[in-house]
Amino acid sequence: MTNDRQSGAMRAAARVSSWAEFYTFGLPDDVRNERLDEVRSDLHEQVTSADGHSSDRSLARRILGRSIRGIVADVSWRRDQLRGLAPRPLSKPMRVVVALAVAAGVAVSSMLFVSSETASSNASLAEVQVGDLEYQVRSEMLFVVPLSVQFAEEVKEVGSDPNYTAVLPQEREGVATEWNNLRVLLSQRASRGRSWNRALPPTSIRSWPAGSAP
Amino acid sequence: MTIEYDILECGSQLEQSAGGFYGFGLAQSLADSRGQDALIGHGTLYKALSRMTVRGLLSSEWEDADSATLAGRPRRRMYRVTGEGARVLAARPAATAIAVGQARASLA
């Protein structure tokens with residue numbers, strides 16, 4: 001696999017890693033670190049084990065597809081961890097809400113454009129840069145909806161729990177930042193005109209406010 | 001319990017050949033056994049593994065960080081099927097096993 005072919009997959013993996021950072025935010029360190037390490041190991045294995053016949057774009061979509069298919073379980077797992085419960089299925093209303101959010105994510109990802117630039121083959125996920133405007137817009141849209149649904153459900157379900165109240169302001173700020181990122185990206189796209197491959201100066205996908213980064 | 005049975009079955013097979021199994025390898029094995037191209041979602045897989053570990057069907061241990069570094073990759077969390085997991089798999093309802101077998105035969 002060449003560096004060019006790997007870069008889109010690396011960026012997809014970095015986005016999934018970023019999502020994992022969000023849904024583990026505020027959980028006990030040992031729980032959080034174990035989940036992050038496990039997901040990052042999985043992403044590394046998938047990126048490096050891809051056969052030579054898979055295109056970079058195909059691999060990126062497969063990685064994002066796996067993440068999207070697991071979003072309901074991710075949200076459910078987080079809720080259970082916040083409540084200190086053993087993992088269990090989501091309630092039916094919550095499944096409907098999250099399924100709608102996932103459907104929105106799938107619709108966005110179906111339009112996902114992954115270009116082949118930046119990111120060397122040996123870059124860590126934290127070092128991967130996102131430089132393509134359309135990619136940034138769509139990946140932001142892909143994750144901001146389930147993020148917001150998750151946040152709203154948490155406030156509703158465990159908002160009065162002291163353990164959750166402690167992390168609530170930072171989490172609220174994180175969600176607000178993600179929406180602001182999307183607003184800025186959409187504004188940039190509007191000002192430049194619609195394009196499938198309009199390069200921007202590289203921007204880190206890690207965009208949490210200073211001091212509250214998970 | 002379908003995914004739990006599948007994990008126990010695939011995990012047992014991987015364990016026999018490699019002494020244990022880890023998330024991505026298991027995801028590949030699950031896809032192969034189901035005749036699917038798409039791998040199971042991260043969240044679905046790791047939530048199930050977490051649930052099964054809590055219930056004592058699986059045990060897990062993190063790989064040594066130094067050996068993983070030498071291999072040029074992040075450390076893996078290695079799983080094994082426990083005695084309780086093997087017992088649950090052996091006691092799987094016949095209807096489930098037959099349905100799974102028929103589904104696989106139709107895909108072959």
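Author: Strand 1 (residues 58–62) of chain B and strand 2 of chain B run antiparallel and are joined by five bridges. The model is predicted, with local features needing pLDDT of at least 70 and side-chain atom pairs pLDDT 80 or more, while totals for chains, interfaces and linings use all residues. Residues are numbered from 1 along each chain as its sequence is written, chains are lettered from A and ligands numbered from 1 in the order written, and side-chain values use heavy atoms, leaving out hydrogens and water.

Reader: What makes strand 1 and strand 2 of chain B a pair?

Author: Strands (E, at least two residues) and helices (H or I, at least four) are DSSP runs, numbered from the N terminus. Two strands pair if DSSP finds at least two bridges between them, and here there are five bridges. Within this pairing, B:Ser60 stands opposite B:Tyr79.

Reader: Why is B:Arg77 called buried?

Author: Buried means under 20% relative accessible area, exposed over 50% and partly exposed in between (1.4 Å probe, protein chains only). B:Arg77 has 16% relative accessibility, so it counts as buried.

Reader: Why are helix 1 and helix 3 of chain B called roughly perpendicular?

Author: Angles of 65 to 115 degrees count as roughly perpendicular, under 35 as roughly parallel, over 145 as roughly antiparallel and the rest as oblique. The axes are lines fitted to C-alpha atoms, for helices over the stretch in contact, with angles from 0 to 180 degrees between N-to-C directions. The axes of helix 1 and helix 3 (residues 42–54) of chain B cross at roughly 80°, and these helices are therefore roughly perpendicular.

Reader: What makes helix 2 of chain A and helix 2 of chain B oblique?

Author: Their axes cross at roughly 60° and come within 8 Å; the two helices are therefore oblique to each other.
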